[in-house]
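This briefing is meant for a reader who is meeting the structure for the first time.

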Amino acid sequence: EIPDRALLEVRDLRKSFGGVRAVDGATFTVPEGSITGLIGPNGSGKTTLFNLIDDTIRADSGEILLGGKRIETLPSWKRAHQGLGRTFQITRLFGEMTVLENVVAAQRSFSLGQLGKIAVSGAEARAAEELLEYVGMRAFRDQRAHALSYGQQKLVELAQILMLDPQLILLDEPAGGINPVLIERMGEMIEELNSYGKTFLIVEHNMQFVLNLCDPVHVLARGRAIASGTPDQIRNDPAVIDAYLGD
Ligand code: ADP
């Protein structure tokens, strides 16, 4: 049997904050073409791992490979250039900019001083509108981002990420803080984008969402992956149940 090609490989990654070993020898892979889930109790290191993967923070040691190439010493913009996209648990839209401007801005590096001076080209606007249409937010294109609900902001963020056409999309709590209808729609979009060739790594507290959508699922505890497998394997793994007791 030929093993799945890993699009992302994390090898013995470590990050401490003072005496706290937030990520403590994490090793796992994200197979190309998969929707991979990353779960674990509070404080197990999920957010820190995402931050290490996209260079929000730098690892103490270990390797991160994207498409077989080492990226752990690259700045975040180069990681993005090599096909890595990420959403955040707390949305990071520019509140004073319109929805359309926010999506277009995803393609560029803006300093705060440049905000409000964006000249949007026709081609950029069309690409952004197409993506807003896809996520169901086209009608809001001229509204300021701060006027949107939290769920609507998440949809705009997804459009932002897609504007960069990444191969691997890291989603931080895609089902968090949104209503059940939108959770279902979010799951459908992820599956559809996956069928178009996007690979996903998803951190999510909503266990049902992860177990319905993701395969493989990696379980993190105390900064390392303690179990990996199909949703069924994860559901029945005593080590996983153990890790969640006391959460
Ligand atoms: P999770 O996302 O799984 O809840 P985190 O990655 O947020 O876990 O946190 C892992 C551990 O690292 C926790 O003990 C947390 O308190 C600690 N930690 C995370 N970020 C910092 C930081 N910037 N400074 C100090 N400790 C941190």
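Which residues surround the ligand? In this predicted model, the ligand is surrounded by Phe17, Val20, Ala22, Gly40, Asn42, Gly43, Ser44, Gly45, Lys46, Thr47 and Thr48. The points below place these residues among the strands and helices of the chain.

**The shell around the ligand**

- Two elements, strand E2 (20-31) and helix H1 (46-53), each give at least two residues to the shell around the ligand, and H1 provides the largest share of that shell, with three residues.

- The protein chain is divided into domain 1, which covers 1-83 + 167-247, and domain 2, which covers 93-165.
- The C-alpha centres of domain 1 and domain 2 are 26 Å apart, and the contact between them involves nine residues of domain 1 and seven residues of domain 2.
- On the side of domain 1 that touches domain 2, helix H2 (76-81) and helix H6 (180-195) are the elements that give two or more residues, and the residues of that side comprise seven nonpolar, two polar and no charged.
- Helix H6 has 16 residues and spans 23 Å from its first C-alpha to its last, which is close to the 22 Å expected at 1.5 Å a residue.
- Just after H6 comes glycine 197, whose phi is positive, at about 115°.

**The four-stranded sheet**

- An open sheet with antiparallel pairing is formed by four strands in the order E2-E1-E4-E5, and its edge strands, each pairing on one side only, are E2 and strand E5 (69-70).
- Strand E1 (residues 6-17) and E2 pair in the antiparallel sense over nine bridges; among the partners, lysine 15 is bridged to valine 23 in E2, and alanine 6 is bridged to proline 31 in E2.
- The hairpin of E1 and E2 has two residues between the strands, and glycine 18 in this hairpin takes a positive phi near 60°.
- E1 also pairs with strand E4 (residues 61-66), in the antiparallel sense and over five bridges; valine 10 has isoleucine 64 of E4 as its bridge partner, while leucine 8 stands opposite leucine 66 in E4.
- E4 and E5 run antiparallel and are joined by two bridges, with leucine 66 standing opposite lysine 69 in E5.
- In the hairpin of E4 and E5, which likewise has two residues between the strands, glycine 67 takes a positive phi near 55°.
- Helix H1, which contributes to the shell around the ligand, lies across E1, E2 and E4 and runs at about 65° to E2.

**The six-stranded sheet**

- Six strands form an open sheet of mixed pairing in the order E6-E7-E8-E3-E9-E10, with strand E6 (84-86) and strand E10 (224-229) as the edge strands, each of which pairs on one side only.
- From one strand to the next in this sheet, the twist averages 20°.
- Strand E9 (residues 217-221) and E10 run antiparallel and are joined by five bridges, and leucine 220 has alanine 225 of E10 as its bridge partner.
- Helix H1 packs on this sheet as well, where it touches strand E3 (35-39), E6, strand E7 (168-172), strand E8 (199-203) and E9, and its direction makes about 145° with that of E7.

- Aspartate 12 has a positive phi, near 50°, although it is a residue other than glycine, and its place is in strand E1.
- The peptide bond that joins aspartate 215 and proline 216 is cis, with omega at about 5°, and proline 216 has its place in the loop between helix H7 (207-213) and E9.

Terms used:
Residues are numbered from 1 along each chain as its sequence is written. This is a predicted model: local features need pLDDT of at least 70, side-chain atom pairs count only at pLDDT 80 or more; totals for chains, interfaces and linings use all residues. A residue is near a molecule or strand if its C-beta atom, placed from the backbone, lies within 6 Å of it. Domain bounds come from an automatic or database domain assignment. Two residues are in contact if their C-beta atoms, placed from the backbone, lie within 7 Å. Ala, Val, Leu, Ile, Met, Phe, Trp, Tyr, Cys and Pro count as nonpolar, Asp, Glu, Lys and Arg as charged, and the others, Gly among them, as polar. The expected span of a helix is 1.5 Å times one less than its number of residues. Two strands pair if DSSP finds at least two bridges between them. Axes are lines fitted to C-alpha atoms, for helices over the stretch in contact, and angles run from 0 to 180 degrees between N-to-C directions.
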